Amino acid sequence: MHYVWSNRLFPQNNLVTTDGKRLQIINPGVINNDAGPDFFNAAVMIDGDTWVGNVEIHTASSDWMKHKHHTDSRYDSVILHIATKIDAEISRSNGEVIPQLQLECPI
């Protein structure tokens, strides 16, 4: 999925977050090969507002809690969470909900 995201190998038109907001990918960010969010310095537009920060990717959104990201301040700068299966709402350590994109990984 990291390869799919970083190379934008998915349809770019008509993207929406799981809560129905328009999403445009300006820059997918730079892959992080160390601890912390998967991509640094990404830029997205959500309902006309530009957000710059980090992106995290999981197979299922519930993995966010399994990995304890909701209690780890390194993940407070995540502006978009991407998962193949959206099965939970996710939040920063202060309880603020993070936008999510459901994205299938092509074979």
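1. Asn14 counts as exposed because its relative accessibility is 72%, where exposed means over 50% relative accessible area, buried under 20% and partly exposed in between, for a 1.4 Å probe and protein chains only. The residue lies in the loop between helix 1 and strand 1; helices (H or I, at least four residues) and strands (E, at least two) are DSSP runs numbered from the N terminus. Phi of Asn14 is near 65 degrees, a positive value in a residue other than glycine.

2. A note on the basis of these remarks follows. The model is predicted, so local features need pLDDT of at least 70 and side-chain atom pairs count only at pLDDT 80 or more, while totals for chains, interfaces and linings use all residues. Residues are numbered from 1 along each chain as its sequence is written, and side-chain values use heavy atoms, with hydrogens and water left out.

3. Arg8 is found in the loop between helix 1 (2–6) and strand 1 (15–16). Although Arg8 is not a glycine, its phi is positive, at about 55 degrees. With 31% relative accessibility, Arg8 counts as partly exposed.

4. Tyr3 belongs to helix 1 and is exposed, with a relative accessibility of 58%. From C-alpha to C-alpha, Tyr3 and Ile31 are 9.4 Å apart in space, and 28 residues separate them in sequence.

5. Ile25 lies in strand 2 (residues 22–27) and is buried, at 6% relative accessibility. Its C-alpha atom is separated by 9.9 Å from that of Trp5, a residue 20 places away along the chain. Contact means heavy atoms within 4.5 Å. With neighbours within four places in sequence left aside, Ile25 is in contact with Trp5, Arg8, Phe10, Gln12, Leu15, Ala43 and Val44.

6. The aromatic rings deserve a separate point. A pair of aromatic rings is described by the distance of the centres and the angle of the planes. Rings of Phe, Tyr and Trp (its six-membered ring) pair if their centres lie within 6.5 Å; planes under 30 degrees apart count as stacked, over 60 as edge-to-face and the rest as tilted. The count by this rule is two aromatic pairs. One of them is formed by Trp5 and Phe10, which are stacked, with 5.8 Å from centre to centre and 5 degrees between the planes. Both Trp5 and Phe10 are buried.

7. Why is the pair of Trp64 and Tyr75 edge-to-face? The planes of the two rings stand at 80 degrees, with the centres 5.8 Å apart, so the pair is classed as edge-to-face. This pair links distant parts of the chain, 11 residues apart: Trp64 is in helix 2 (residues 63–66), and Tyr75 is in the loop between helix 2 and strand 6 (78–85). Trp64 is buried at 0% relative accessibility, and Tyr75 is buried with a relative accessible area of 5%.

8. His81 lies in strand 6 and counts as buried, at 0% relative accessibility. A polar contact of 2.7 Å joins its side chain to that of His58. A polar contact is a pair of N or O atoms within 3.5 Å; within protein, one must be able to donate a hydrogen and the other to accept it, and residues adjacent in sequence count only if both atoms are side-chain atoms.

9. Asn32 is found in the loop between strand 3 (30–31) and strand 4 (39–46). Is this residue buried or exposed? Asn32 counts as buried, at 13% relative accessibility. Its side chain reaches the backbone nitrogen of Asp34 at 2.8 Å. Beyond neighbours within four places in sequence, Asn32 is in contact with Pro37, Asp38, Phe39 and Phe40.

10. His70 is found in the loop between helix 2 and strand 6 and is partly exposed, at 28% relative accessibility. The C-alpha atoms of His70 and Arg92 are separated by 5.2 Å, although the two residues are 22 apart along the chain. Residues up to four places away in sequence not being counted, His70 touches Trp64, Met65, Ser91, Arg92 and Ser93.
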